[in-house]
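Subject: Structure for your review

Dear colleague,

Please find below the structure that I am handing over to you. My notes on it follow.

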Amino acid sequence: MNHLTKEYVTKLKDSLLFINAVVIIYNASLFLLSTKYISVHYYARDFLNKVSYITRTPQNIFFESIFLFIIIVLLMKLREKDNLKMANGLVYIEIILSFLLIIRLNGSYNGILLFVFADLLYNMRNIKHMALLLLMAFGLLLISDFNILSNIIHMPSIESYLSFYPNSSRTFMLFAKNILASLNVVVFILYLICQVLVQQEETKKISKELQLASKVNDELKTYSALSEKMAEDKERKRISREIHDTLGHALTGISAGIDACITLIDIDPQKSKEQLLVISNVVRESIKDVRRSLYKLRPGALDQRTLKDGLIKMIEEFQSVSHLNVDLYYEWENVDFENTKEDIIFRIIQETMTNALRHGHASHIEIHLFDEEEKYMIIMQDNGSGCKEIHYGYGLKQMHERVAILNGTIHFYSEEGFRTVVEIPKIGGKKDD
Amino acid sequence: MTRIKKGILTLVSLSLVLIYCLINDPSRDITLTLGLYVGSSWDVPNGESYQVIDQAIKKFEKKYPNVHFEYKSGIIKDDYSSWLANEITKGTTPDVFMVLPDDFNTLSSIGILKNLDRLIKEERIDTSLFYQSALFAGNNGSQYALPYEINPTIMCINHDLLTKEGIAIPSSNWTIDDFYNISNQVTKDTNNDGVIDQYGYYGFDWQDVLDCYGLQVFKEDNCHLDKKEVKEAFLYLTKLKALSNDYQVSSEDFDQGKVAFCPLTFAQYRTYQPYPYRISKYTSFKWSCISMPGTKSNTITTHLDTSLIGMSSQTKHQEIAWEFLKMLTMDGDIQQSLLDNSKGASPLKKVMLSKKTKEILVKDTVSYASLDSDVLNRILENTLVEPKFKEYENILEKADYLINQSIDQGTIDNDLNKIQKKLENELK
């Protein structure tokens, strides 16, 4: 059944539209023409005796039925539009209008409900309460049979209109009417079968695609682990080279210089003093070199930036690659931290955001940086799933260690999302620098 | 809500207001269509067919200058039912139209006639203005039409014949026993040629006898011809018929003054005063009218024919149509004029009791003992109510044929069960 596509379903739906249009025009014409026939042949008085109820004029029946049908079809077309918020309401209007149409046609044709129902299945987007709708449509279908409907709403039967024709014509007209109605039912059933088959096909296809996607996902994970490992190695090499190039070099020089001083100090104290001055300069230079090296190891975002700008840039980048929505309240405008301190704070915030997304599946996180009298505070609250018991993995441990460097404390709370509270003492922190 | 939606909503509500204003514009020209037939409702000659309607139209147009009327003239009563049915089928039902008694049950049950209950209730119309059975003629569960003209059946008595036989003229509360006794007394061979040549009654049929017994045998889904009282009534009729040795008394016999009783309608009474009018010229018997005879238990014996006017349930001018309908049926002047110009009686009590009516009745009467308007009022207060269902006229026609045939053959007593079964099959 590979060839069975949505195209066939659409074709069947279009033929349903065509059949319904024909049936409605045919039935409405029957009322109009029979009236003419009855009037011309002076059967009117007998007709009144035969008919159970008559109120609408045949012209009304004809034009109102066709008008209602056109409105229903237009509503269906309107509903096909994407992102139509009213779609759900339109369905109810369609069902009500088709019931009105059945009443207008004096209960001679109720297949229009099948057509509306088919369209409903075809175009299920934006439809809520599907079960209720189906119940309503089928309930109306049940009561819309003439024999039942005429007990609720007074209306003349189409048979009473046709009963004045000669037997052969009447049989033919009723035959045509019934065969059209049956055709509608048959096409509707075909449509349903097609629809179910297409749906099955699609489900199969989707599950296949899902399998493929999960495979690709696995590959990506491996690759990302690999690349992380590579990056780590690269970083390690860089650090060792850096240490080798700067500290290694300087320390070798210093140790050689100091050795020379030890020898010189008794022979020529003046000379050794000069030598020590040179060493002191080398040490200072080395400190500068170390500083420069450390600077190179800073987080990329903080490079050449203040903490605030760095945070904003990091958050922007984070938001652009995930669905996490971050609100930052930065109240440290007048605070100037050491680079190391900034680095640590930056890393903590970065880690917390990563955790909120990875473990808590949060969609929103609020980051509040402010200072109290004796300490700086960072409070981060997400709306994620949190966790029942806080498990101290590598990330949290490292955060603990990092905060400890600043003499600060860190606490985690998991109620209504996950909350991280960091306190950094003002004096203690400074003293330690 | 988007701006477009707001715009659409405003547009829709504005147009609704506009449509409402247009519809309710009181100065707008309105044309009411009427469905009328020419001639009398009671099959008596009547030259002034549209006079009363035209008078009502003129009066109405004075009150509502923007209302105009349209009606097709020249439709005779026999064609009216078919014409009206054709208009209804085509969807061009007149706004206000006359309803023949034979059509009322059909038209009210298929939803063509407007249900007037709400209008009557809303305007607190005092329905006791009408004779109750006249009003009820337009009632089929609800009030669907109002009585326009009524025509009671009354008993005509040959005054001279009774006086000659030394029999007192019966009073209005006489019984069928009196009727039989008097008929028995007057049925005789006056010139001794061996042939009966003076008769008790003419034209008293099975429906009259059931009316006298106060029996209604047809219901919506069954009939009660097998009841004991019905058998008794038919036995009485057979006995009555036997008096004249099964001789078929003709209207000629009545005209020649050889018959004591003859049921007449009020319209016939007024038209052929005395009946037929040539009698007053060529014969000299005096006559008078009283109500139909009753039984000990039943005094409501008078059959009432009612011509009705109703309005279409699909009329576009309901209020105006209702106003006009009220004018035709409830306006004292119009009804008085109808009594004057037509031969029937008015369904309005106040018209029947008016001084003008009294004068008309006196003027009508050229012979002895006229129909006094008080007597007439009493008769009208005690009229029978006919059953209402769609098949009634149809079943009555069938029953009439079967029963008359059976009575003529003298086998009515045995045939009643058979007739009952046949009619019940029709009703199913």
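I begin with one residue of chain B: G214(B), which comes just after helix α9(B), takes a positive phi of about 70 degrees. Please keep in mind that this is a predicted model.

Among the buried ones are W206(B), L210(B) and Y213(B). Their cover includes the helices α8 (176–186), α10 (228–242) and α19 (392–409) of chain B, together with the strand β6 (259–265).

Chain B as a whole

Chain B has 428 residues, of which 53% count as buried. Its secondary structure comes to 20 helices and eight strands. Among contacts in chain B with a separation of 6 or more, 75% are between residues 24 or more positions apart.

S133(B) belongs to helix α6 (residues 132–136) of chain B. Its relative accessibility is 9%, so S133(B) counts as buried, the limit being under 20%. Leaving aside residues up to four places away in sequence, S133(B) touches L304(B), L380(B), T383(B), L384(B) and V385(B). V12(B), by comparison, is found in helix α1 (residues 3–24) of chain B. V12(B) counts as partly exposed because its relative accessibility is 43%. Together with I4(B), I8(B), L16(B) and I19(B), V12(B) forms a nonpolar patch on the surface, and the accessible area of these residues together is about 500 Å².

Where the chains meet

The contact between the two chains takes 18 residues from chain A and 20 residues from chain B. About 1,600 Å² is buried between chain A and chain B, and carbon and sulfur atoms give 56% of this area. R45(A), L48(A) and I54(A) supply 35% of the area that chain A buries against chain B, more than any other three residues.

How many salt bridges does the rule find across the interface of chain A and chain B? There is one. R45(A) forms a salt bridge with D103(B), and the closest N and O atoms are 2.6 Å apart. On the side of chain A that touches chain B, the elements giving two or more residues are α1 (6–40), α2 (44–50) and α3 (58–79) of chain A. The largest share, six residues, comes from α2(A).

Salt bridges in chain A

Over all chains, the structure holds 25 salt bridges. In one of them, the side chains of E80(A) and K13(A) meet at 3.9 Å, N to O. This pair links distant parts of the chain, 67 residues apart: E80(A) is in the loop between α3 and α4 (87–104) of chain A, and K13(A) is in helix α1 of chain A. E80(A) is partly exposed, with a relative accessible area of 31%, whereas K13(A) is buried, with 5%.

Another salt bridge joins E64(A) and R104(A), whose closest N and O atoms are 2.3 Å apart. E64(A) lies in helix α3 of chain A and R104(A) in helix α4 of chain A, 40 residues apart.

Yours sincerely,
A colleague

Key: Residues numbered from 1 in each chain as written. Chains lettered and ligands numbered in written order. Predicted model: local features only at pLDDT ≥ 70, side-chain atom pairs only at ≥ 80, totals over all residues. Heavy atoms only, no water. Patch = residues over 30% accessible without salt bridge, like charges linked within 9 Å, V, L, I, M, F, W, Y side chains within 5 Å. Areas by Shrake-Rupley, 256 points an atom, 1.4 Å probe, with all protein chains shown as cover. Salt bridge = Lys/Arg side-chain N within 4 Å of Asp/Glu carboxyl O. Helix = DSSP H or I, 4+ residues; strand = E, 2+ residues; numbered from the N terminus. Buried < 20%, exposed > 50% of the residue type's maximum accessible area, 1.4 Å probe, protein only. Contact = heavy atoms within 4.5 Å. Buried area = accessible area lost by both parts, 1.4 Å probe.
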